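Good morning, colleagues. I would ask you to look at the model with me for a few minutes, beginning with the backbone and then turning to the side chains.

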Amino acid sequence: MDTILDPLYQVVSWIIAFFHSLLSHVFDEDSGWAWGLSIVFLVVVIRIALIPLFVKQIKATRNMQALQPRMKAIQERYKSDKQRQSEEMMKLYKETGTNPLSSCLPILLQSPFFIALFQVLNKIAQNKPVGVLNQDQVTSARNADIFGAPIAAKFMDSASTIADLQASLTDVRVVTVIMIVLMSLSQFYTQRQLMTKNVDLTVKTPFMQQQKMLMYIFPVIFAVFGINFPVGVLVYWLTTNVWTLGQQMYIIKRNPTPGSLAFKARQEKLRAKGKLKEDPAEVEAREAVERARAARTQPKRQPKAKRQTPTTKQPGGKQPGGKQPAQPGGSKPESSPQAKRPQQGKKKSQSAKSKK
C-alpha cells in the first residue's frame, strides 16, 4: 500500500511543508496553528483543482433529476426483463449525454488524497519521516496541538499514547468530540440545503428519496468513523465540508435548479429588478390568474334553517299527495269559500219560509 501511495505521500507532504514554511513567518513553526492551517490550505488547493469536476457533478445531478421520470417508466415497462431494462437505461444515458458516475467524481478523486493524509499523519504519530518531511519536521508536527489536542492524536487512543504525545486525554477527547459534531452537522446542513432549496419539488422520484436518506446517513457515518480519525484528518474533513457548503450556496444562488424554491426566488428577484425577459403571453396569463384569484369571493355560509328547502304547497293549501295541512291544536281545516256558498243558500230559503 505504501509503495502504491508513495507519489501521493510526496504530493500531500510537499503541500503541507510548503504552507508550513510560509505560515512559520506568522506563527511559531512548532505551533498547532502553523501545522493545522497547513492542512486547511491543503484542502483549499485540492478543492480548487476539483472545481471543473464539481461543475460536471452539478450538471450530472441535474440531468439525473430530469431523467428520473423516464427512468422510472423504463423500469416499469421492463420490470421482468432486467437485461432489456439495462440496455434501455444505457441507451437513455447515451442519448442525453448523461454519465451517472459524474456526480461521484469529486468524492472519488478526493478520496486518495484523504487516504494519503491519513497515512501521513499516522507516520507523524509514529515519529517516522514521510514524503518530503524530514525527522525534525515530523517531530515538530507530532508535538503541535490544536487547543491542547495533538494533530496526530485520536479519540480512541489510550492514555499512555496521549501521554507520549505530551497531552491530556480529556483535552483530546473534548476537542475531537466537538470537531466530530461540527463535521456531522456541516454535512447534514449541506445535504439539507440541497434538498430543500435546489431540488425540483414538482417531480417526485426515487432519486429524491435516496438524497433524503443520505441526508441522515452521511452524518452518522462521519460520527462513527470520526472517532478513529486523527485530529489533523478531522481538520481536513471539517474544512472540506465548510468549503462544500459555501460552494453549494454560491451555485444555488447563481444557478439554481429549474423548478426549485431557489430558482423561483431568483426569478422573482430578477423580475422585481426588471432584468428578467419573459414571454408576453406568459406574463398576461399569470396576471389573469392573479386577477381572477383576487376577484373571487367565497360564498357566505348560511344557517342550517335557511339551507333547508321549504315544502312546496299546491293550490288550495294542499300538500303534495292530496293531503291538507294540519291546523294547530289538531282542529280540522277550514272549508273553502266554494264549500260555504251552498250553506248560505239554505239559510236564505229558511228565512223566506218563516216570513210567509
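This is a predicted model: local features need pLDDT of at least 70, side-chain atom pairs count only at pLDDT 80 or more; totals for chains, interfaces and linings use all residues.

Let us begin with N127, which is placed in the loop between α5 (105–125) and α6 (135–143). Helices here are DSSP runs of H or I of at least four residues, strands are E runs of at least two, and both are numbered from the N terminus. Residues are numbered from 1 along each chain as its sequence is written, and side-chain values use heavy atoms, with hydrogens and water left out.

Most residues other than glycine have a negative phi. N127 is partly exposed, with a relative accessible area of 30%; buried means under 20%, exposed means over 50%, and partly exposed lies in between, using a 1.4 Å probe and protein chains only. Q166 also has a positive phi, of about 60°, although it is not a glycine. Its place is in the loop between α7 (159–164) and α8 (169–197), and at 68% relative accessibility Q166 counts as exposed.

I turn now to helix α2. The expected span of a helix is 1.5 Å times one less than its number of residues. For the 18 residues of α2 this gives 26 Å, and the end C-alpha atoms are 26 Å apart, which agrees. Several residues of α2 are buried, among them G32, W35, L42 and I46.

In soluble globular proteins, nonpolar side chains tend to be buried together. Which members of the largest core touch the most others? Of its 46 residues, they are L42, L117, L133 and Y236. The elements giving two or more residues to this core are α1, α2, α5, α6, α8 and α10 (231–254). The largest share, eight residues, comes from α1. Leaving aside residues up to four places away in sequence, L42 touches V12, I15, I16, L117 and Y236, where contact means heavy atoms within 4.5 Å. A second, separate core has eight residues, including L67, I74, L92 and Y93.

Next, the aromatic rings. Rings of Phe, Tyr and Trp (its six-membered ring) pair if their centres lie within 6.5 Å; planes under 30 degrees apart count as stacked, over 60 as edge-to-face and the rest as tilted. By this rule there are seven aromatic pairs. One of them is the stacked pair of F19 and F41, at 5.0 Å centre to centre with 15° between the planes. F19 lies in helix α1 (residues 2–23) and F41 in helix α2 (residues 32–49), so this pair ties together parts that are 22 residues apart in sequence. F19 counts as buried at 16% relative accessibility, whereas F41 counts as partly exposed at 32%. F27 and W33 form another stacked pair, 6.4 Å centre to centre and with 20° between the planes. Ring pairs also link W14, F18, F19 and F41 into a cluster.

Finally, the charged side chains. Side chains of opposite charge can pair when their charged atoms come close. A salt bridge is a side-chain nitrogen of Lys or Arg within 4 Å of a carboxyl oxygen of Asp or Glu. How many does a search of the whole structure find? The search finds two. In one, R84 and E88 meet at 3.1 Å, N to O. Both lie in helix α4 (residues 82–96), four residues apart, about one turn of the helix. R84 is partly exposed, with a relative accessible area of 34%, while E88 counts as buried at 18%. In the other, the side chains of D164 and R142 meet at 2.7 Å, N to O. D164 lies in helix α7 and R142 in helix α6, so this pair ties together parts that are 22 residues apart in sequence. R142 is buried, with a relative accessible area of 12%.

Note on methods. A nonpolar core is a set of buried Ala, Val, Leu, Ile, Met, Phe, Trp, Tyr and Cys residues joined through side-chain atoms within 4.5 Å.
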